[in-house]
Amino acid sequence: MTDFASRLVSAVLATGRRLSGLVCVLLGISFITFTMTYFAPGDKAAAIAHARYPDAQGFPPEILDGIRQEFYLNEPFFVQFFQWLWRFVQGDFGNSFASNVPVLEIFLANITETLALTASSLAIGLVAAFCLSAISVWKPGSLADRFAVALASIGAAMPNYWLGLLLILLFAVELNWLPSYGTGTPAHIVLPALTLAFWIMASQTRLLRTFFLEAKSAPYIETLRLRGVSEREIFWRHIQRHAAVPALTMIGLDVASLLEGTIIVELTFARGGIGSLLAGAVLSRDYPLILFLVMFFALVYVLINSLIELFQDALDPRKSLELLSNTDVGDEVRS
Amino acid sequence: MTVASDLSLTEEANLKQKQHGKNLDRFLKNIGLGLVISGAIAAAGFFFTPYAPNAPDFLNRLSPPSSEHWFGTDQLGRDVATRLLYGGVWSVGLAFLITLIGAITGTLVGLAAGHFGRFADITLMRMTDSFFAFPELVAAVTIAGVLGPSTANMVLALILVGWMKFARLVRGLSIDLAHRDFITQAKLNDLPSWLILWRHILPNIGASLLVLWTNSWSRSILSISGLSFLGFGVQPPNAEWGAMLLSGKAYLQTAPHLMIFPGLAILVTVLTINLMGDQLRDLVDSRSTISE
Amino acid sequence: MLSVDRLSITISKNTILEEVSFSIPEGATLCIAGESGSGKSSLLKALNGLIPARFEKLSFHPRTCPAITHKGRWQGPPGLQQSRWVMQDPIAALNPRLSLGASIGEGAYSKRLSGAEQDKAVAAALDDVELPPALATRRPTEVSLGQAQRACLARALVAQPDLIFFDEPLSALDAIVQKQIAATMKRIQARYGNTFVIVTHDLGFAATFADQMLVLRNGRMEACQPAKMFFERPASRYCRDLIEAARDLGSLPQDPLMADEGHQ
């Protein structure tokens, strides 16, 4: 009973520690993001005025002063930071400097494109990676295995903007099968999705292959083999499950690279989406939009990784206990 | 005094050492040979090329690969092969510099987090986690874009987002090492902590650092050309592989060689560095069996 | 003379060691025996200041450490410079990237020797532990386990300490090397008169080495006797069982008198 209580306390403590860590990281992220735009050159008041009165030529100083008052532009750095953060937490993300439309609206109009691209390329890439690595661990060292390894190495070194251009050259220019740039029809998504999927396939094949190989030589798999369980059943029922957890962790770690890939691919194919939105916002110095998008990317990364950590804890309760005993005292008691 | 079994054990250890030494020798020879060959080709290129990277030749625009212009010429009649050579200096050299600075910064942060107590550890690692949340490209595009697209701003951006992996690795390894017996011995022998860091911790994490460093070197090459391709990095007329791709993109139909060769250069370079890193990692793994 | 009065170790409410006292004269050997988990190694760590401990009095000639009875953390034995510690696993105790000579030289770091003086000290220490001078340039991975343990011993000797702690110094080695290194240890003690504190679970080794025996069991002192008396008339039933077990395993010579007593 006391054992259970103490475990409960330690679990709560571990969760609390993790949550407080998460809050610190979120604060750090907002601080870095805000700092990036704060020190940017140029008069922000003039930019806001331009957005509000798109037709006006030059602004009287009263208007600019009014805007500075309204957006706390004359206040010291930390006041501005907390003003912005407070609004952000409340869900007030401001209006775009360029179009005076609420940032959230612009974002929602563009996110579907990105989601479609990410989802389709993840689906293609993961399925391809699974098949390739399964074939390659079937007979390590065989021709198929070498082919998979070579493909994975090339994929890891391939600049995906170049791959995109090559695909356009082949399928759009030479063969004229698929449209090259832009969005519109479902066919438009094929080439971008293939480009991104190739990178996903490469990075995941490498990892899955290692995990499968490790799982294959695990002692309990050997035991199954000795008991006469067929190779096929071993692979589908045991090895796969064994490799799932580490593979999932690695997929989580690659979220950042996936987001990066999405941006590059969107820009290469001149598609709409969050990546193109960010590039456009950066070029036109649309600070509310930049702040929102950068925060979005960072939050997605942090949240996905926190989720994966929780998932790992759920699968492996020892890990949360390890976190607790990860102090000098714990080591000494053990020795 | 004869110590028979001691001697036989020594011989065995000697044998292992020799074997290992042989592997290392062969590996270093391979790398050395590769470097010498590519260095020689590049130097010969710089020496023999009759063209300047930025000299236009309007009579010879967009000409396909020929015996005169091996990789053809671009929209201003500049020799693509020559520009690739000079572009390599930008891409590979800048990436080298950026990762070197990142590695040094990250190592310092990681060591500080691992050795200056709990408070420093928590603060520094929360900071590292915060920086980690920004995908390299997002941060680089934002910084480079907000400050204005230029080579210097791109370098600044990539340095700002490139040090965290080193910090995490160094912190993890050095905390792991701190519990080893030989560190305890050094402490009991009254060694000051800077000397412990210098003599005992740094040499033992050096190999892993080197592996991570080759890895981020190749990634950095991809980032630099990616950013330049998007227009946020090295600006034309400077010959950089990504920037060359960007200007070649417009001539996709008429002169595809403008876009094929720079991409190939990036692919081959990154692949080479990655393979080098893989080999290095295998070597480190095979050696770490003893210290584990 | 090393004397410890009522030393206790408590780590997060777990009592690791309770009121252990002992004293040994200069140049003598104390062997600490007991099963694993009995607190032998913790005692050694506490004496070296690596984990916090409480005690009434702790003195090592000529200095005395005043009592630390609450939570005080103390910085190693009084006169830290005069003690060294040889650990169980020589490979873990030596930096794999440092030559043996450099590692041994670190033992004398607190003496601030010049380069040449240090080289001389290292060469002398290598000679003391019967290693060829050429080994100074080797890495720990390039020598045998026995040689590595000798190098650790040399690192301890190079500072000419009055007191050397040993934590199971022979248990990582095979039987022949054990014998050879034990002989080396004896010779060193005879030549320099260091006080040895040796943690071991090998009673056979303890019987040939110890002047004083300390037996720990579950963090309590089970016996603290002169060695001769310990093996002839052990202080408790538990000690007798320990000795019996060692006899059965053949690591202690059979003693007909004792065996008779045991069977009655």
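Visitor: How many residues of chain B are in contact with chain A?

Guide: In this predicted model, 35 residues of chain B are in contact with 39 residues of chain A.

Visitor: And which helices of chain B supply the side that touches chain A?

Guide: At least two residues each come from helix 3 (117–132), helix 4 (136–147), helix 8 (193–229), helix 9 (241–249) and helix 10 (257–291) of chain B. Helix 4 of chain B gives the most to that side, with 9 residues.

Visitor: What about chain A itself, how many helices and strands does it have?

Guide: Chain A has 15 helices and 0 strands, and of its 335 residues, 32% count as buried. If you take the contacts in chain A between residues at least 6 apart in sequence, 72% of them join residues at least 24 apart.

Visitor: Let's switch to chain C. In what order do the strands of its open sheet stand?

Guide: The open sheet of chain C is formed by 6 strands in the order 6-7-8-3-9-10, and the pairing is mixed. Strand 6 and strand 10 of chain C stand at the edges, and each has a single partner strand, so one side of each is left without a neighbour in the sheet. From one strand to the next, the twist averages 15 degrees.

Visitor: Which way do strand 6 and strand 7 of chain C run, parallel or antiparallel?

Guide: Strand 6 (residues 83–86) and strand 7 of chain C run parallel and are joined by 4 bridges, with C:Ser83 having C:Leu163 of strand 7 as its bridge partner. Strand 7 of chain C also pairs in the parallel sense with strand 8 (residues 195–199) of chain C, over 5 bridges.

Visitor: What sort of unit do strand 7, helix 6 and strand 8 of chain C make?

Guide: Strand 7, helix 6 (residues 175–192) and strand 8 of chain C make a right-handed β-α-β unit.

Visitor: Is strand 7 of chain C covered or open, and how many of its residues are buried?

Guide: Strand 7 (residues 163–167) of chain C is mostly covered, with 5 of its 5 residues buried.

Visitor: Now helix 9 of chain C. Which of its residues are buried?

Guide: In helix 9 of chain C, the buried residues include C:Cys239, C:Leu242, C:Ile243 and C:Ala246. These four cover an arc of only 95 degrees around the axis, which puts them on the same side of helix 9 of chain C. An α-helix has 3.6 residues a turn, so residues three or four places apart point the same way.

Visitor: And what is on the other side of that helix 9 of chain C?

Guide: On the other side, C:Arg237, C:Asp241, C:Ala245 and C:Asp248 are exposed. The buried residues of helix 9 of chain C pack against helix 7 (203–209), strand 9 (212–217), strand 10 (220–226) and helix 8 (227–232) of chain C.

Visitor: How far apart are the end C-alpha atoms of helix 9 of chain C?

Guide: They are 18 Å apart, which agrees with the 18 Å that the 13 residues of helix 9 (residues 237–249) of chain C should span at 1.5 Å a residue. Helix 9 of chain C is followed by C:Gly250, whose phi is positive, near 85 degrees.

How values were computed
Residues numbered from 1 in each chain as written. Chains lettered and ligands numbered in written order. Predicted model: local features only at pLDDT ≥ 70, side-chain atom pairs only at ≥ 80, totals over all residues. Expected span 1.5 Å × (residues − 1). Buried ≥ 20, exposed ≤ 12 C-beta atoms within 10 Å, placed from the backbone. Arc of directions from axis to C-beta. Contact = placed C-beta atoms within 7 Å. Pairing = 2+ DSSP bridges. Right-handed = clockwise from strand over helix to strand, strands pointing away. Axes fitted to C-alpha atoms, helices over the stretch in contact; angles between N-to-C directions.
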